[in-house]
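Student: Could you take me through this model feature by feature, giving the general idea before the particular case?

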Amino acid sequence: MEETLIATDFEVENCFMEKRKICTECERPERVCLCPYFPNPRIKTRIKVILLQHPKEEKRQIRTGRLLEKGLQESSFQVIKSRKFPGSNEALKKILENKSTVLLFPGQGARELSENSPPDHDIETLLILDGTWDQAKKMYLRNPALHNIQKIMLNLSTLSEYSVRTQPNEHGLSTIESAAHTIAILESRPEILPGLLKPLHSLCRIQLDFGEVVHHSKQTKFHTDDYTSDS
């Protein structure tokens with residue numbers, strides 16, 4: 001009897017794993033694979049996007065940085081996972097010291113970009129801190145090498161379309177949205193937005209179809225008395 005139970009448990013576990021097969025490309029369950037929605041061929045940009053990624057970000061089930069990675073050509077994108085930058089990474093140290101590098105991070109002294117901003121042909125590398133907003137702030141504050149880099153920030157009329165995650169404020173954007181809009185402005189290529197953002201739109205549609213609810217920003221929740229500190 002005991003052997004029969006063990007065999008049955010094993011079969012159930014195998015059945016569960018079969019249902020949860022993960023796509024090796026988009027890292028989503030195969031039944032909700034996003035690969036058909038990525039641009040083909042991938043988009044090539046003049047400016048290289050480098051995600052300075054918090055180590056815990058890789059463990060998150062939904063990561064829009066991964067969508068960005070699959071949408072851009074390899075020569076246009078790189079992920080560097082760490083808490084300390086540049087650390088022992090000599091190549092990154094040179095990038096951080098290069099005047100053609102900018103960091104997408106809001107705050108005092110950051111140059112604002114809007115949909116009407118002119119392109120900037122001098123920028124070669126765009127750095128983005130990839131993690132939760134709290135993680136990104138700590139990464140910036142704890143890495144003095146980032147403080148002297150020219151900073152830019154987005155001030156767009158459009159709001160985030162990442163409807164299945166809560167943003168810190170009504171103008172907060174996901175990693176893929178931030179990168180896509182910034183590159184589109186700096187290279188004057190608004191035509192790349194639909195291709196880069198299609199996987200995000202598809203992700204949100206799939207999540208909502210599976211019962212996810214629409215999330216509003218914490219700022220919106222606060223003003224509508226629907227916000228608690230542990231949300």
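Predicted model: local features only at pLDDT ≥ 70, side-chain atom pairs only at ≥ 80, totals over all residues.

Student: How many helices and strands does the protein chain have, and in which pattern do they follow along the sequence?

Tutor: Helices (H or I, at least four residues) and strands (E, at least two) are DSSP runs, numbered from the N terminus. The protein chain has seven helices and six strands, and along the sequence they follow the pattern α-β-α-β-α-β-β-β-α-β-α-α-α. With contact meaning heavy atoms within 4.5 Å, 76% of the contacts between residues at least 6 apart in sequence join residues at least 24 apart.

Student: What share of the residues of the protein chain count as buried?

Tutor: Buried means under 20% relative accessible area, exposed over 50%, and partly exposed in between (1.4 Å probe, protein chains only). By that criterion, 42% of the 231 residues of the protein chain are buried.

Student: Which residues have the most contacts inside the largest nonpolar core?

Tutor: In soluble globular proteins, nonpolar side chains tend to be buried together. A nonpolar core is here a set of buried Ala, Val, Leu, Ile, Met, Phe, Trp, Tyr and Cys residues joined through side-chain atoms within 4.5 Å. The largest one has 41 residues, and Val49, Leu68 and Leu126 have the most contacts inside it. Two or more residues each come from E1, H2, E3, E5, strand E6 (150-154), H5 and H6. Apart from this core lies another, of 15 residues, including Leu103, Leu127 and Ile149.

Student: What covers the buried residues of H2?

Tutor: Seven of the eight residues of helix H2 (residues 64-71) are buried, among them Arg66, Leu68 and Lys70. Their cover includes strands E1 (48-53), E2 (77-81) and E5 (125-130), together with helices H5 (175-186) and H6 (193-209).

Student: Why is the pair of phenylalanine 105 and tyrosine 140 described as it is?

Tutor: A pair of aromatic rings is described by the distance of the centres and the angle of the planes. Rings of Phe, Tyr and Trp (its six-membered ring) pair if their centres lie within 6.5 Å; planes under 30 degrees apart count as stacked, over 60 as edge-to-face and the rest as tilted. A search of the whole structure finds two aromatic pairs. In the pair of phenylalanine 105 and tyrosine 140 the ring centres are 4.4 Å apart and the planes lie at 20°, so the pair is stacked. The pair links distant parts of the chain, with phenylalanine 105 in the loop between strands E3 (101-104) and E4 (111-113), and tyrosine 140 in helix H4 (residues 133-141). Phenylalanine 105 is buried at 8% relative accessibility, as is tyrosine 140 at 11%. Phe105, Trp133 and Tyr140 form one aromatic cluster.

Student: Is leucine 96 buried or exposed, and which residues does it touch?

Tutor: Leucine 96, in helix H3 (residues 90-97), counts as buried because its relative accessibility is 9%. Not counting residues up to four places away in sequence, leucine 96 touches Phe85, Pro86, Leu127, Ala145, Leu146 and Ile149.

Methods. Residues numbered from 1 in each chain as written. Heavy atoms only, no water.
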